[in-house]
Amino acid sequence: MRRARIYGLLIAALICTMLLALDASAATITLWHSYRGDERAALEGAILQYNESHPSSSMKVLAVPYEAYANKLTSAIPRGHGPDIFIFAHERLGDWSKASLLEEMVPSRRDADLFYKSSLDALRYDGKIWGLPLALKSTALYYNPKLVPVPPKTTDEMLAIMRKLTDQKEGRFGLAYEAGSFYFHAAWMFGFGGAIFDENGQPSLNSDANVRSLEFVDRMMKDGLLPEEPNSALIAQLFNEGRAGMVINGPWFAGEIEKDLEYDVAPLPVVSETGLAASPFLTVEAIFLSAHSKHKIEALAAMRYLAIDAAGIRATKGRQAVALKSPQLQPGQQIDSLAASFLKQAPATTPMPNNPLMRAVWEPAAQSLRKVLRGAAEPREGLNKAQTQLRVMTRPAPDAKDPTIYIVLLVLVILGVLAYWLYWMYTNEGWRDMRKAGAAYTYLAPAALSMVLLLFVPFIVGTAVSFFAHRQGEFTFVGLSNFVNILSSADYPASDPLSFYFTLGVTILWTAVNVLLHVSIGMALALMLRHKWLKLRGIYRMLLIVPWAVPNYITALIWKGMFHKQFGAINGFLVWMGFEPVSWFSHFWTSFAANVATNTWLGFPFMMVVTLGALQAIPPELEEAAEMDGAGPVRRFFSITLPLLKPALLPAVILGSVWTFNMFNIIYLVSGGEPEGATEILVTEAYRWAFTRQEQYGYAAAYATLIFLALIFYSNTTRFLMREKKG
Amino acid sequence: MRGTSYLKMVLTNLVLILLCIVTLYPVLWVLKMALTPSQAFSLSPNPLPDQISFQNFADLLGATDMQGNWLFGHQLFNSVVVSTATTILGVFLATTAAYAFSRFEFPGKRVGMIAFLVTQMFPGVVMAIPLYILLDKLSLLNSMLGLTLVYSSTAIPFCVWMMKGYFDTIPKDLEEAAFIDGASRWKIFTQITLPLARPAIVVTALFSFMTAWNEFILAATFLAEETSFTLPVALQSYVGDYSTDWGRFAAGAILVSIPVMALFFMLQKHLVGGLTAGGVKG
């Protein structure tokens with residue numbers, strides 16, 4: 001064992017050195033992106049060509065998984081570990097330019113004319129241009145020519161086609177798209193003349209035009225013309241099986257269409273009621289220059305190459321709708337047909353606002369959309385609620401406070417604790433005990449050191465953030481304001497699902513129910529699996545471990561799919577048994593149950609393994625003696641097995657409940673907090689404050705600190721339990 | 001055991017088989033998506049694949065970066081090294097600490113135990129950026145050593161509590177006897193106590209391994225080269241902003257699960273092997 005560890009550390013050290021050596025080459029331009037498939041292949045082709053003709057300033061590429069990409073950029077760039085240039089959608093450039101992560105672009109008049117005007121406009125913030133546009137992405141209308149020979153030019157035509165093709169019972173639809181997503185709904189909103197922000201740049205989600213656009217979709221849903229609970233997997237399946245005549249989706253959808261299915265893409269229709277074209281969001285994928293780059297001149301050359309010279313390969317092999325008006329093509333080559341179709345939609349698109357306020361719009365807008373389409377609210381009511389929520393989430397930071405008093409208090413507290421400790425040590429001969437216990441400290445030291453350094457220190461730093469408010473890259477000290485806001489439930493009444501107390505209640509319930517189920521199932525299985533006459537017990541154990549072994553990202557989403565109202569396996573089973581299908585995510589208890597079912601499936605193997613281990617500490621003679629004395633199996637379990645299991649099992653139960661309390665993945669992936677944030681637990685709320693609601697890191701940190709304090713309180717009660725067991 | 005009724009045996013087996021089916025049902029879908037050449041997410045209630053193709057596995061295993069490096073090989077190696085190192089380091093640090101808590105009395109014992117518990121309550125949201133800065137200052141960013149240290153520290157608290165609980169059930173008389181005979185504390189620890197705690201070591205080893213093996217977000221944030229990515233990071237590359245390559249992702253999920261199952265299979269006999277000679281306890 002020791003040898004393996006030494007080898008491991010040696011190898012790690014070797015790799016570190018190699019990596020450091022690699023870094024030392026001059027003028028290598030580092031490029032980050034998160035492309036996959038055709039786009040990635042085209043990009044790499046372009047880079048290879050560039051590197052051949054520019055050997056002294058070649059590009060080094062890193063493909064980053066999308067989930068981690070934005071965070072990685074904002075962590076790495078300010079500390080000098082970021083790329084020189086990177087490719088990203090334009091929407092965050094407002095935040096980034098304010099945080100001084102980007103270098104301003106000053107393209108020449110001739111260069112600027114090479115691109116479509118809307119693509120450059122999308123990259124404008126504060127009167128400056130912040131990147132070079134690469135490609136345009138928006139949704140358009142996919143259609144199946146066998147079902148829809150001529151694509152509709154107006155919404156009236158579209159509705160006529162939908163009425164002809166739709167049969168709810170058969171699961172056939174004229175149109176299928178993610179109606180509950182604000183991103184997709186925006187096309188109709190702009191088509192009805194609506195807007196997200198008013199002339200002063202303030203959000204106006206509940207304007208009359210917006211309400212009319214929602215009424216339009218609501219009517220389609222109520223008339224049964226749209227599939228319920230639409231998600232991207234369902235849309236793809238319907239289209240592939242020929243059960244959807246039209247789909248509103250973006251260029252990425254082409255990768256999900258079956259190879260032998262014929263399809264075509266047309267611009268979205270004109271809204272008959274207003275005469276305006278339905279105008280979807282335009283995302284401009286652009287290449288940005290880091291303000292911290294050390295090779296800005298070479299980097300800029302590389303950027304121009306990718307945006308201008310490489311447009312040809314991107315428009316053909318990469319199938320991108322490039323932002324360059326006339327990409328250079330090889331003789332005989334043509335722009336990819338998919339790209340050409342999406343380019344036709346481009347004139348009727350609305351650039352996604354890069355205003356930092358925009359990031360806070362998604363959650364309330366989506367929640368109200370889903371609520372209205374579920375039939376739980378009328379369009380105007382739903383949008384009014386969204387507007388209120390948005391106002392709360394974008395409220396200005398609390399007033400700045402003077403930190404001196406707090407610092408003085410902190411110093412006093414630390415001195416007080418120190419003084420008390422020294423006094424206690426002196427009067428209780430603590431020093432002598434410490435000297436005698438030298439061996440213990442030696443055994444303890446390595447673990448303690450790594451914990452202090454790698455857990456306590458970051459935690460203290462992180463908690464300190466809760467005394468600040470963060471808005472667009474700036475931290476202001478606000479003392480206890482964040483805590484006061486949360487605990488006094490300033491924004492929401494305590495019974496509202498978004499208030500701290502409601503979420504606390506849900507979290508406690510969630511923890512209790514899960515731990516109970518995990519422990520009982522895990523223990524029951526472990527007890528069943530120790531019978532010697534069970535020949536296959538090794539196999540059973542292996543199979544029952546599987547939920548723990550498979551990455552829970554994919555299994556959580558599969559469970560979510562199983563709970564789908566119309567096409568999920570659970571409702572399929574219920575219908576087969578003769579029950580009504582349940583709309584799992586529309587009500588609190590069913591949504592909660594779905595989360596619990598998924599988490600229990602994921603969690604019982606761990607408890608089973610721990611119990612199997614703990615059972616080994618019980619001498620079999622004890623149980624055999626009891627059996628001979630005539631005690632039944634239940635009595636044996638409660639008087640002998642359970643008490644002996646406790647010391648080894650209790651840590652797992654206590655820690656299991658702490659982990660469940662902070663279980664982020666399941667809530668986020670399965671119910672997503674539906675309905676309307678009611679099934680959110682404290683840790684997912686904290687996450688949303690940090691990452692989706694305007695990056696209010698201070699508020700999120702305060703939330704996290706409160707979670708921590710709640711758990712401390714909980715551990716004190718279980719410490720009481722532990723003490724009893726010592727006897 | 002003699003006298004166990006036939007009915008009991010049949011019933012137990014039936015219950016276990018039913019539970020196995022319920023447990024494996026969602027995973028069958030993962031297998032189905034992995035074996036189907038499309039990248040769409042499967043929604044039909046039938047979890048059996050209607051066509052079998054290994055294209056997704058081929059894509060996954062054959063991926064190379066621009067310099068032609070074999071990505072899967074590098075990433076598998078990185079994952080194995082980091083996870084093994086985490087397991088060894090985590091178990092080592094935890095067993096010594098747990099031994100101290102179990103066998104010694106010293107000032108700060110209670111506080112120490114609580115401190116270990118308390119660290120588990122730190123929500124991850126708070127830790128990611130400070131950890132980044134810390135590793136940066138220690139020049140451990142983009143290194144397997146850095147990741148190993150972070151993962152071990154995350155796994156230690158549970159391991160300490162688990163091992164301590166287990167050590168507490170091992171009677172001290174054995175150790176006292178050896179102590180009187182002149183054996184050193186370290187010798188007692190390694191030759192008497194540890195072997196008796198084998199099941200707990202297996203549990204903590206499995207736990208530490210899993211903590212490191214499946215972790216994605218810290219690895220993706222700290223690592224800077226595709227060849228230094230670990231497997232979970234590579235797997236998440238198939239999840240994009242608008243769509244996910246479900247076929248390849250599912251294939252990756254299967255591949256990533258196999259070593260864990262293999263590890264469990266190998267460690268099983270230590271987990272339930274039971275203690276050797278009688279007369280060891282009581």
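In which sense do β6(A) and strand β11 of chain A pair, and over how many bridges? The two run antiparallel, with five bridges between β6(A) and β11(A), the latter spanning residues 281-289; strands count as paired if DSSP finds at least two bridges between them. This is a predicted model, in which local features need pLDDT of at least 70 and side-chain atom pairs count only at pLDDT 80 or more, while totals for chains, interfaces and linings use all residues. Residues are numbered from 1 along each chain as its sequence is written, chains are lettered from A and ligands numbered from 1 in the order written, and side-chain values use heavy atoms, leaving out hydrogens and water.

Back to the sheet. Across from Pro133(A) sits Ala286(A) of β11(A). β6(A) also pairs in the antiparallel sense with strand β12 (residues 321-322) of chain A, here over two bridges, and Ala135(A) has Val322(A) as its bridge partner there. Strands are DSSP runs of E with at least two residues, and helices are runs of H or I with at least four, both numbered from the N terminus. As for cover, six of the six residues of β6(A) (132-137) are buried, meaning under 20% relative accessible area, with exposed over 50% and partly exposed in between (1.4 Å probe, protein chains only).

Arg537(A) belongs to helix α21 (residues 537-549) of chain A. Its relative accessible area is 24%, so Arg537(A) is partly exposed. Leaving aside residues up to four places away in sequence, Arg537(A) touches Leu529(A), His531(A) and Lys532(A), contact being heavy atoms within 4.5 Å.
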